[in-house]
Amino acid sequence: MTVLIPSSRTPAARVQAARLRRAVAPLALCAGLTVGLAACAADPDEGTNGVGRLSAPEIERKARSAADEARAVRLAGTFVSKGGTYKLDMRLKQDGATGSVRTKNSTFELLRVGDALYMKADAGFWTHDDKASGEPTESDSEAADKLDDKYVKVPQDDPSYPRLRGFTDMDLLLDGLIGIHGEAVKGDRDQIGGTRTIKVKGGQGGEGGTLDVALDGTPYPLQLARGGGAGLVVLSEWNQDFPLTAPSKEETLDYGKQLPRA
């Protein structure tokens with residue numbers, strides 16, 4: 001009796017072999033070597049503004065340039081300087097600003113329209129201690145009650161004017177806050193407020209600060225962690241305009257003497 005052995009050349013076998021080759025071929029393209037794996041991986045910069053492909057110094061320059069050309073921004077966060085620790089939430093543009101400043105001992109609002117600078121605070125801010133007794137004088141308490149939650153126009157010759165105006169100066173704040181110290185090193189990708197970012201660090205460990213730059217749209221700086229634990233600042237609402245109007249006479253009172261230190 002003759003035993004028939006199925007041949008690999010039968011039509012069924014040929015179809016099965018063809019299917020196997022089609023299934024294996026794509027796997028072979030992405031297997032084996034690291035180069036092959038990298039070639040098949042998703043491009044992290046696909047669909048971005050492309051700054052992620054640049055060097056760290058180039059990314060930092062792009063962020064500074066974008067900030068310099070912006071017309072408005074919201075700046076919120078905490079930063080430490082020689083004068084103390086400040087918590088800011090300011091909306092800024094070239095001709096003015098509005099927002100709040102919190103220090104260790106006080107909280108106040110600032111509004112600047114052109115060169116006219118206004119300050120608003122509660123009665124506690126305006127109360128002065130009597131030097132002899134350590135208690136507020138009766139006249140100071142009465143004045144503070146009247147000033148409670150009212151705008152006070154800060155005279156330009158008052159010693160506090162330059163310092164308070166500095167909190168409302170968009171160019172001054174951005175120049176002082178944006179940037180890192182030390183050798184610029186490209187860091188990881190992240191997200192700030194739903195926007196993809198690339199980090200630029202000052203030094204390998206970020207000891208000179210870390211700047212997050214947007215990978216979506218214009219490469220604005222979106223967050224700065226200042227070196228040495230000197231604060232964290234978030235920058236948002238780039239180029240979003242907002243109204244600036246001087247307070248009415250009913251909302252404004254004259255302090256009548258040198259403003260207290262914040």
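1. Is Y86 buried or exposed in this structure? Y86 counts as buried, because its relative accessibility is 12%, where buried means under 20% relative accessible area, exposed over 50% and partly exposed in between, with a 1.4 Å probe and protein chains only. The model is a predicted one, in which local features need pLDDT of at least 70 and side-chain atom pairs count only at pLDDT 80 or more, while totals for chains, interfaces and linings use all residues. Residues are numbered from 1 along each chain as its sequence is written, and side-chain values use heavy atoms, with hydrogens and water left out.

2. A search of the whole structure finds six aromatic pairs, a pair being rings of Phe, Tyr and Trp (its six-membered ring) whose centres lie within 6.5 Å, with planes under 30 degrees apart counted as stacked, over 60 as edge-to-face and the rest as tilted. In one of them, Y86 and F167 have ring centres 5.3 Å apart and planes at 55°, so this pair is tilted. The pair links distant parts of the chain, since Y86 lies in strand 2 (residues 84-93) and F167 in the loop between helix 6 (160-166) and helix 7 (170-177), 81 residues apart; helices (H or I, at least four residues) and strands (E, at least two) are DSSP runs numbered from the N terminus. F167 is buried as well, with a relative accessible area of 6%, and F79, Y86 and F167 form one aromatic cluster.

3. F79 and F167 also belong to the lining of the largest pocket, where they lie nearest its centre together with G166, L172 and L173, out of twelve lining residues. The volume of this pocket is about 220 Å³. Strand 1 (72-81), helix 6 and helix 7 are the elements that give two or more residues to its lining, and the largest share, four residues, comes from helix 7. On a 1 Å grid over the protein atoms alone, a pocket is an open set of points where a 1.4 Å probe fits, with protein on both sides within 12 Å along at least five of seven lines, and lining residues have an atom within 4 Å of a point.

4. The largest nonpolar core has 52 residues, of which L88, L110, W126 and W238 touch the most other members. Helix 3 (residues 56-69) gives the most to this core, with five residues. Another core, of seven residues, lies apart from it and includes L111, A116, Y118 and L244. Such a core is a set of buried Ala, Val, Leu, Ile, Met, Phe, Trp, Tyr and Cys residues joined through side-chain atoms within 4.5 Å.

5. Y151, in strand 6 (residues 150-153), counts as buried at 13% relative accessibility. Leaving out residues up to four places away in sequence, Y151 touches several residues, among them L111, Y118 and T252, contact meaning heavy atoms within 4.5 Å. The C-alpha atoms of Y151 and T252 are separated by 4.6 Å, although these residues are 101 apart along the chain.

6. T210 and Q223 can be read together. T210 is found in strand 9 (residues 210-214) and Q223 in strand 10 (residues 221-225); T210 counts as buried at 15% relative accessibility, and Q223 is buried with a relative accessible area of 17%. Beyond four places in sequence, the contacts of T210 include Q223, L224 and A225, while those of Q223 include T210, L211 and D212, as well as L232, V233 and V234.

Methods: Grid points are joined across faces, edges and corners, and a volume is the space filled by probe spheres set on the points.
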